[in-house]
Amino acid sequence: MRRFAAVSWIAIPLAGALVLSGCSSAKSDSDDLQIVANPVAAKPAVSPAVTVKPAGQVLAGGAVSALAVAQGTLVVALSQPPSLQLYDLDALASPPVNMPLYGKAGKLTVAPGRVEIAEPDRGVVQQLTLPDRKLTETKTGGQPAASIAYGADRLVAMGAAKDIQVLPASGPARTIGGQLYSADDVLTAGAGVVVLDRLRTAVFSVDVAGGKINEGLRAGDGAANAVADSYGRILVTDARAGALIAFSASPLIMRQRYPVPGGAYGIAYDAKRSLAWVTLTGRNEVVGFDVRGGEPVEKYRFPTVRQPDSVGVDETSGRVVIGSATGEGTQVIQP
């Protein structure tokens with residue numbers, strides 16, 4: 001039968017954080033990683049109207065679906081029409097370069113020399129190379145949710161297809177599946193690879209070489225977004241319970257669970273300063289946590305644009321960028 005074990009916690013009581021082992025061939029009618037009979041992915045808390053002026057500078061624009069900062073360029077993905085706006089971070093007053101996309105970008109991920117752009121509605125992952133600003137495409141089929149560099153290869157989380165595509169630099173692609181309800185993001189931290197499953201509100205270790213999904217851990221009550229830090233960990237926001245959860249990636253162990261009330265949702269990491277930036281959509285705020293110690297320590301808190309679903313950071317300057325999902329602009333803050 002399946003084996004389960006409790007996981008330690010640091011900041012607040014941990015209810016139902018269980019390890020799932022795939023070592024058994026016996027089938028079970030129950031699933032201790034599943035919270036409800038018909039799971040639904042966590043969504044950002046609906047933001048109230050802005051009552052405090054957003055900090056920093058706000059760039060006008062449409063509804064932001066994702067954003068990233070790479071090589072001095074702020075890349076903002078707009079929902080309608082699906083497109084990218086590229087800003088020079090050192091000349092934000094200058095008009096951005098506009099680039100059309102096939103479909104709405106669900107996730108932008110920074111990779112060496114490029115930004116990976118997942119467009120689930122079109123079954124395409126595009127690569128924006130920088131600084132030459134060229135777009136190339138990779139057709140994946142299905143609904144790609146996120147794409148990352150993995151050595152010379154790429155790993156693509158395939159959303160509702162419940163698997164990960166391994167796209168080698170040459171040769172045929174292969175698929176890694178099993179245990180997942182949805183593959184919503186894939187991340188590397190240290191020697192580990194982890195996939196985020198929003199439907200099961202869980203994270204799973206991935207054995208890329210062996211081609212299998214290994215053990216899984218509950219990630220709170222509503223795992224929303226994740227990022228890798230400098231310490232071999234994956235940081236996950238829990239949008240339903242309001243928490244920031246840290247997992248070591250190799251082996252997969254929950255290390256911290258810290259309360260973050262206010263609708264924790266978007267997350268970005270500044271490796272140079274060991275800061276995790278978390279957006280609070282229920283409060284129109286962004287909070288910067290120092291994550292070097294035994295538990296996160298709040299260092300910054302700023303008012304934001306309405307519905308701050310997306311966040312990124314420029315590690316060179318420390319500037320934080322927040323995108324409004326309701327079309328109220330892209331905000332740039334210098335802490």
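Pro-81 is located in the loop between strand 4 (73-78) and strand 5 (83-88), where strands are DSSP runs of E of at least two residues, numbered from the N terminus. The peptide bond that leads from Gln-80 into Pro-81 is cis, with omega near -15 degrees. The structure is a predicted model, in which local features need pLDDT of at least 70 and side-chain atom pairs count only at pLDDT 80 or more, whereas totals for chains, interfaces and linings use all residues. Residues are numbered from 1 along each chain as its sequence is written, and side-chain values use heavy atoms, with hydrogens and water left out.

A cis peptide bond also joins Ser-250 and Pro-251, with omega about 0 degrees. Pro-251 belongs to the loop between strand 21 (243-249) and strand 22 (252-259). Most peptide bonds are trans, and most residues other than glycine have a negative phi. Ser-274, although not a glycine, has a positive phi of about 55 degrees. This serine is placed in the loop between strand 23 (264-270) and strand 24 (275-280). Ser-274 counts as buried because its relative accessibility is 5%; buried means under 20% relative accessible area, exposed over 50%, and partly exposed in between, for a 1.4 Å probe and protein chains only. Gln-307 likewise is not a glycine and has a positive phi of about 55 degrees. Its place is in the loop between strand 26 (297-303) and strand 27 (310-313), and Gln-307 counts as buried at 8% relative accessibility.

Ala-271 lies in the loop between strand 23 and strand 24. At 33% relative accessibility, Ala-271 counts as partly exposed. Residues up to four places away in sequence aside, Ala-271 touches Ser-230 and Glu-315, contact being defined as heavy atoms within 4.5 Å. The C-alpha atoms of Ala-271 and Thr-316 are separated by 9.9 Å, and the two residues are 45 residues apart along the chain.

Met-99, in strand 6 (residues 97-100), is buried, with a relative accessible area of 12%. The C-alpha atoms of Met-99 and Ser-83 are 5.5 Å apart, at a sequence separation of 16 residues. When neighbours within four places in sequence are left aside, the contacts of Met-99 include Ser-83, Leu-84, Leu-128 and Arg-133.

Four strands form an open sheet in the order 11-12-13-14, with antiparallel pairing; two strands pair if DSSP finds at least two bridges between them. Strand 11 (146-150) and strand 14 (174-177) stand at the edges, each with a single partner strand, so one side of each has no neighbour in the sheet. Strand 11 runs antiparallel to strand 12 (residues 153-157), and five bridges join them. Ile-148 stands opposite Leu-155 in strand 12.

The largest nonpolar core has 17 residues, of which Val-203, Ile-234, Val-236 and Phe-247 touch the most other members. Such a core is a set of buried Ala, Val, Leu, Ile, Met, Phe, Trp, Tyr and Cys residues joined through side-chain atoms within 4.5 Å. Elements that give two or more residues to this core include strand 15 (185-189), strand 16 (192-197) and strand 19 (223-228). Strand 21 supplies the largest share, four residues. Neighbours within four places in sequence aside, Phe-247 is in contact with residues including Val-203, Leu-217, Ile-234, Val-236 and Ile-253. A second, separate core of 16 residues includes Ile-164, Val-186, Ala-202 and Ile-213.
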